[in-house]
Amino acid sequence: MIITLLLICVFLLIALVVTVCHHALLGVPYVPTPRHVARAMVELAHIRGDEVVFDLGAGDGRVLRTAKRMFPGITAIGYEIVPMVWFCGFLWCVLTRSGVHLKLGNAFRADVRKADVIFLYMFPSCMEKFTVKFDREIRPGTLVVSHTFRFHD
């Protein structure tokens, strides 16, 4: 029993260190979107219910879970690069049977050509990179809803 508890504590400590290192290397901390903001973002997107909706840098998948609850017919896909944040969000999505597909991966490499709506909560340095990506990849009419940070132009 004590060995099991010790192993769990060691695993959690390693997971915490890995997560902190990821955030430090990427320069982007995990800051969850407040629930009322997630709902407002979904409302701003004017979703009808059959769209393909992405969240790039999805964290725990909160915005997508909110969108999926409000519009069960959407296809909800999120990308998160930090393994522990992704894992917690993935577990939450699975345990709640939300229907959200939360993927571990780099949002800058995500194929967003099929997106009807894209949600973002990124720092300005990332927004500049997404400007280039979106100019290259998204279809005309794709709506991008960003929390807090704007595209520079």
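What share of the contacts in the chain between residues at least 6 apart in sequence join residues at least 24 apart? The share is 67%. The model shown here is predicted. The legends below move from the whole chain to single residues.

**View 1. The chain as a whole has 5 helices and 5 strands.** From the N terminus on, the order of elements is α-α-β-α-β-α-β-β-α-β. The chain has 153 residues, and 41% of them count as buried. Its accessible surface comes to about 9,300 Å². Carbon and sulfur atoms hold 66% of that surface.

**View 2. An open sheet is formed by 5 strands with parallel pairing.** Across the sheet, the strands follow the order β3-β2-β1-β4-β5. Which strands stand at the edges? They are β3 and β5. Each has a single partner strand, so one side of each is left without a neighbour in the sheet. From one strand to the next, the twist averages 20 degrees. In general, strands of a sheet pair through backbone hydrogen bonds, either parallel or antiparallel.

**View 3. Strands β4 and β5 pair in the parallel sense.** Strand β4 covers residues 117-120. The pairing with β5 runs over 4 bridges. In one of them, Phe119 has Val145 of β5 as its bridge partner.

**View 4. Two helices, α4 and α5, lie across strands of the sheet.** Helix α4 lies across β2 (75-80) and β3. Its direction is at about 160 degrees to β3. Helix α5 lies across β1, β4 and β5. The angle between α5 and β4 is about 165 degrees.

**View 5. Thr142 sits in the loop between α5 (124-137) and β5 (143-146).** Is Thr142 buried or exposed? Thr142 is buried, because its relative accessible area is 13% and the cut-off for buried is under 20%. The side chain of Thr142 reaches two backbone oxygens. One is that of Ala115, at 3.0 Å. The other is that of Arg139, which lies 3.0 Å from a polar atom of the Thr142 side chain. Leaving aside residues up to four places away in sequence, Thr142 touches Ala115, Asp116, Val117 and Ile118.

**View 6. His46 has a positive phi although it is not a glycine.** The value is about 50 degrees. Most residues other than glycine have a negative phi. His46 lies in the loop between α2 (35-44) and β1 (52-56). His46 is exposed, with a relative accessible area of 64%. How far apart in space are His46 and Leu143, C-alpha to C-alpha? The distance is 9.3 Å, although the two are 97 residues apart in sequence.

**View 7. Arg97 also has a positive phi, near 50 degrees.** Arg97 is a residue other than glycine. Its place is in the loop between α4 (83-95) and β3 (101-104). With a relative accessible area of 77%, Arg97 is exposed.

**View 8. Cys88 is partly exposed, whereas Cys93 is buried.** The relative accessible area of Cys88 is 45%. For Cys93, relative accessibility is 4%. How many disulfides does the structure hold? The number is 0. A disulfide would be a covalent bond between the sulfur atoms of two cysteines.

Definitions and conventions
Residues are numbered from 1 along each chain as its sequence is written. This is a predicted model: local features need pLDDT of at least 70, side-chain atom pairs count only at pLDDT 80 or more; totals for chains, interfaces and linings use all residues. Side-chain values use heavy atoms; hydrogens and water are left out. A disulfide is a pair of cysteine sulfur atoms within 2.5 Å. Buried means under 20% relative accessible area, exposed over 50%, partly exposed in between (1.4 Å probe, protein chains only). A polar contact is a pair of N or O atoms within 3.5 Å; within protein, one must be able to donate a hydrogen and the other to accept it, and residues adjacent in sequence count only if both atoms are side-chain atoms. Contact means heavy atoms within 4.5 Å. Accessible areas come from the Shrake-Rupley method with a 1.4 Å probe; for residues, only the protein chains shown count as cover. Two strands pair if DSSP finds at least two bridges between them. Axes are lines fitted to C-alpha atoms, for helices over the stretch in contact, and angles run from 0 to 180 degrees between N-to-C directions.
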